[in-house]
Every structure is written in C-alpha cells, then in structure tokens.
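Student: I'd like to learn how to read strands, sheets and helices from a model. Could you walk me through one?

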Amino acid sequence: MRSDLSVRNLVVNYGPVRALHGVSFDVPEGQIAALVGSNGAGKSTVLKSICGLLKPVEGEIRVGEEVMKPRPGDPLRHGVALSPEGRRLFGRLSVEENLMMGAYTVKDAAARDDMLDRVYGYFPRLKERRRQMAGSLSGGEQQMCAIGRALMAQPRVLLLDEPSLGIAPIIVAELAKIIEEISRDTSMTVLLVEQNAQMALSIAATGVVLETGNVVLTGTGRELLASPEVRAAYLGT
Amino acid sequence: MSMSATSSAPAFQPMTVVWIAGIVLAALIPWFTGSVFHFHIAIMVCISAMATGGLAVIAWVGQLSLAHAAFAGIGAYTSVLLVTRLDVPVLLGLPAGALVAGAVAFIIGAPLLRLRGVYFVLITFALNELFRLIMLDIPEFSGGSSGIAGIPKISLFGVTLSNYQSVYPFALFCLALVMGLLVLIRRGQLGRRFAAVEENLALAESSGIPTAKTQTIAFTIGSAIAGFSGAFLAHYVGFISPETFGFQLSVSYVIMLVTGGRLALWGPLVGALFLTPLPEFLRGAVEYQHVIYGVVLIAVLRFLPRGLAGLPRQLSRKGGRG
C-alpha cells in the first residue's frame, strides 16, 4: 500500500535534550493512523516536525513523494492541515469566519462553499451556531470547529492533535464516529495523535506506540488494543 | 440559539440605529446653533476622526503606531508643497498627500512590522521624532521652526471654501468617505484577515495567511488616511510647522482611539467626537488638554475597557444582571 505520510528516522533535540531518537512510521493513503503514548513520549514533537515548526537533526518527512522542508507553511502547501491541540480558534471571530480562515489557501470560491456545506454536514451543530463567536462555544463544539477548520483547507493529510482532550466522553465517542466518517467519505489520510489510546486505536487502521522518543510497537489498531503491553500501559487493564 | 444574540452582527441592530441617529444629530449641531465656533469644532472633529480612523485600521492588525502624526505631517507637507510650488489644485493635493504617506508607510512597513507590541510602539515613537527633527533641518521645504503660513484654502472646482460654514459639509463628506472605506474593509475578506492576525498571529500564519503582508497593508492604508487628514488640516488651518505634527498629536490620536474603542468600528468617530470638543468647551482649559486626555484615558481603561463605543453593551449587560 502507498503511504501518504512517511516519517523516516526522525531525530529532534530540544537544546541539549534529545526528544526523538530516530522515529519512523508510515501512514497509508486514505486510512486513519493513531499515534499514541503517554505525556512526554514525543507525540507533539513528531507533530510539530511534520508541520515544519521544528528543525530535525536527522531524518525526513515525506508527503507522497515530496520531502518537506522544515519551514512553517511548506507542509500546508503540500496538503497537510493541522487541527491543533487545545482547540485554538480565533475566539472573537464567528464560527463561519473561523472555518473560512481554514480555507484561506483555497482560491476557488465554489470549492470553498462546497467544503463549507460538507463541514456543516458533518457537524450540524456548527451550522446552528455559525454566527456565534467561536470563543463562546462549548469545548466539544470548539473541537468540532477546529477539526472543521482543518478540513476547510481540503487537505490530503489531516493531523488531529488530541481531539479528545478535556471533552465529555459522550462527545468523544461522537467525534470518533465523525472522524471515521470523514476518512471513509473523502479517503483522506488522517493521523490521530492521542493520549486516549482506547478511542484512537478503536478507529485506526494502523497504530504506532511512542515511548520516550522511540517507537515501541506498531500494528493494526485492533492488534494493539488486544496487546497485553498496551492494555497494561495505556488502558489500565 | 439563545446564546447567539450577542455575537451575531446583522446589518441593522437596534443599537446600530441608535448610534447612527446620535452621530447624525451631533453632526447637525452647528447648523442648529449657527455658531462659527461650533462649526470650527465640528470641522476639527471630522479631521481628528479621519486620522483616528486610520489609526484604527492599524490597530485592527494588533499594532499601535505612535508615528501617526508624522504620516499626517507627510501628507500635509506633500499637499502644501504641491499646491504652493507647483500650482496643483488643492483637490488633487489632498489625495496626493494620502498617496505619499501611504507609499512611505509601505516602504518602511516591511522591516518595521517584524516588531510587535511595545517594540513597534517604541520604534514608531522614534520615527515621529525623527520626522520632526528632519523637517526642522530642511527649512527650504518645511519653513523650519517658523513653519509655512498662508496656505491656500480648499477649493472645489474653482469655488474656494473660504468660511467655516462652507468647509464643514466638505469635511463631513470626506469623513463619510473614510468611514465608508473602514466599513468596507471591516465587512470584507480583508477585515477578517486583519482580525485573525490581531487575535492570534501564529494561528493565522499556520492557516496560510500572509501575516507580514497583511500588516503592511493595514499600516499602508491607515497611514494614507492619516496623510489625507493632515493635508486637510493644513489647508483648513492655513498654517503648519514641524511642531504641528509632533509626538503629542500622535498620543492624542491614540487616546481618542482607545477612548472610543480600539477594535470597535465606530470607535474612532466616537473618540474624536468626545475628546476634540472637550478641552475647547472647558473654557480656558485648552492648555490643560493633555491632562484632561490623561484623566479620561485612565477612567476609560479602568471602567470601559471596550471604550465608549462599547458602553451601551456594557450597560445592557449590567441591566440584565440586576
């Protein structure tokens, strides 16, 4: 299977501290991959590197055949969109304005409107609240808005950073269903970065477990969910 | 949908109607009283409101320029020199002033706007002083410290606006143009870009918005408006000197903007409407203008963080609670 996003032997330092010791994994085209691990495992470092915000000491990141330059904006041009951790939105802009900001790089107005309709299709609640200030939404709605904004860029690779963080379990289940639906309908490649291993692995075709800057396990989502190590370390059973 | 009422912004909210009615009434005062003094103050309000409107555009991308008076000065000197030395009609001198001020802002904007927050404020403060000192140093153009007097009045198609009553409608017309431009920017794609850059630069950058270019556009438009207002001031008052466009004028514009409401569309208009007449009507208090401005600024920052333009909303919220 072709891989859409491929991380090869990534080594990243924060000053004298090595955060990633040669991380490699592939996200197959059109599938959901989950990158799980506890606090400080290096999940965010991997994501920041993919977004071009960190300059790796070694290794490279490919989107399709292209090697990304470690510059913010370059991955976006190659179709990588991030829904950032902590649901960062333009709080004083309306929901719809936030979504339209996500489509800033899409020049075709018809394609933009079409995408907006689809985002509203996935998240009807955003449509209800389209004129409301994004900062006044509930946590779950803000997360929907952040995912919707990333979708508006019509990416080939969608990066989701901790979408379940600080959100009620019932909304987490709803989000998981929608993420699956989006990936299926649009055959978009999704990299889901999560501490909530249960949720992430249950919808992921591929799972990658990160521990102190190393990949310790890979497999299908189902395999990892069943593996005794994962169950002991992340699921508390 | 009950929560959405406060943030939605349809074209005509009742509040907007009240604002417009209030501003139109205020604009009519000189015609009711017929007082020349009132006409003069009303014209000064229009000029200040235009300049403050320009400053607002720059504030929309999150920057505060203390060089705003210098750009008004660039516009003023451009127009005055074109009119007095090259016999250009005043009606062309005014936009030429805006154009030159905008061009200067565009050129120096790119390196300057890499700085944000207090550093940008400091560098623009230094620029305003630099402008004043340079102008004092080239008396053959600026008239030096004695300035340029006897500047031709504004004339429209051969008709000179020689008295206050005839300048005022034209000042209102120019102010309406500037406010119209502000509304257009604010409601359009550019306004959303400005707001995104103002609120979260990093997030805007990562959404693919060219943040540096966006800030330069705002700085250029805002400074061009300042240039226009400066040129208008020069032809209305009939005298300019480098000291006219000193640092204190920049500070006055900042205080008007903050008092009116830094991010409110009508903030510049409300701020100028409130603060321009204030020292004039407190008889004999003109020399204490900056003291009065300082006190007003402190009061506004303490009690009205959204400025006067945010007062009705603040009142209605209090009422709702009580």
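Tutor: Happy to, and keep in mind that this is a predicted model. Let's begin with a strand. In a regular strand the side chains alternate between the two faces of the sheet. In E8(A), A:Thr189, A:Leu191 and A:Val193 point one way, while A:Val190, A:Leu192 and A:Glu194 point the other way, and all are buried.

Student: Why is strand E8 of chain A described as largely enclosed by the rest of the structure?

Tutor: The strand covers residues 189–194, and six of its six residues are buried, so the rest of the structure largely encloses it.

Student: Which strands does E8(A) pair with, and in what sense?

Tutor: Here is the general idea: strands of a sheet pair through backbone hydrogen bonds, either parallel or antiparallel. E8(A) pairs in the parallel sense with strand E3 (residues 32–36) of chain A, over five bridges. Within that pairing, A:Ala34 has A:Leu192 as its bridge partner in E8(A). Strand E7 (residues 157–161) of chain A also runs parallel to E8(A), and five bridges join them. There, A:Asp161 has A:Val193 as its bridge partner in E8(A).

Student: How does the chain cross from E7(A) to E8(A)?

Tutor: The chain passes through helix H7 (residues 169–186) of chain A, and this β-α-β crossover is right-handed.

Student: In what order do the strands of this sheet come?

Tutor: The order is E6-E7-E8-E3-E9-E10 in chain A, six strands in an open sheet with mixed pairing. At the edges stand strand E6 (80–83) and strand E10 (214–220) of chain A; each has a single partner strand, so one side of each has no neighbour in the sheet. On average, neighbouring strands of this sheet are turned by 15° against each other, direction ignored.

Student: What joins E3(A) to strand E9 of chain A?

Tutor: Four bridges do, with E3(A) and strand E9 (residues 206–211) pairing in the parallel sense. In E9(A), A:Gly207 is the bridge partner of A:Ala34. Recall that A:Ala34 also has A:Leu192 as a bridge partner in E8(A).

Student: Which helices pack on this sheet?

Tutor: H1(A) is one of them: it touches E3, E6, E7, E8 and E9 of chain A, and its direction makes about 145° with that of E7(A). H7(A) also packs on the sheet, touching E3, E7 and E8 of chain A, at about 160° to the direction of E8(A).

Student: What is the order of the four strands in the other open sheet I see in chain A?

Tutor: That order is E2-E1-E4-E5, and the pairing is antiparallel. Strand E2 (17–28) and strand E5 (66–67) of chain A are the edge strands, each pairing on one side only. Helix H1 (residues 43–50) of chain A packs on this sheet too, touching strand E1 (3–14), E2 and E4, and its direction makes about 115° with that of E1(A).

Student: How many bridges are there between E1(A) and E2(A)?

Tutor: Nine, in the antiparallel sense. In E2(A), A:Pro28 is the bridge partner of A:Ser3. These two strands form a hairpin with two residues between them, and A:Gly15 in the turn has a positive phi of about 55°. Elsewhere in the sheet, two bridges join strand E4 (residues 58–63) of chain A to E5(A), and A:Arg62 has A:Val67 as its bridge partner in E5(A).

Student: What does the radius of gyration say about chain A as a whole?

Tutor: A compact globule of 237 residues would have a radius of gyration near 18 Å, and chain A has 17 Å, which agrees. Of its 237 residues, 49% count as buried. The secondary structure of chain A comes to ten helices and ten strands.

Student: And where does chain B touch chain A?

Tutor: There are 16 residues of chain B in contact with 22 residues of chain A. Helix H8 (189–199) and helix H9 (201–206) of chain B each supply at least two residues of the side of chain B that touches chain A. The largest share of that side, four residues, comes from H8(B). The residues of that side divide into six nonpolar, seven polar and three charged.

Definitions and conventions. Residues are numbered from 1 along each chain as its sequence is written. Chains are lettered from A and ligands numbered from 1 in the order in which they are written. This is a predicted model: local features need pLDDT of at least 70, side-chain atom pairs count only at pLDDT 80 or more; totals for chains, interfaces and linings use all residues. Two strands pair if DSSP finds at least two bridges between them. Two residues are in contact if their C-beta atoms, placed from the backbone, lie within 7 Å. Axes are lines fitted to C-alpha atoms, for helices over the stretch in contact, and angles run from 0 to 180 degrees between N-to-C directions. Ala, Val, Leu, Ile, Met, Phe, Trp, Tyr, Cys and Pro count as nonpolar, Asp, Glu, Lys and Arg as charged, and the others, Gly among them, as polar. A residue is buried if 20 or more other C-beta atoms lie within 10 Å of its own, exposed if 12 or fewer, and partly exposed in between; C-beta atoms are placed from the backbone. A crossover is right-handed if, with the strands pointing away from the viewer, the path from the first strand over the helix to the second runs clockwise. The radius of gyration is taken over C-alpha atoms; the globule rule is 2.2 Å times the number of residues to the power 0.38.
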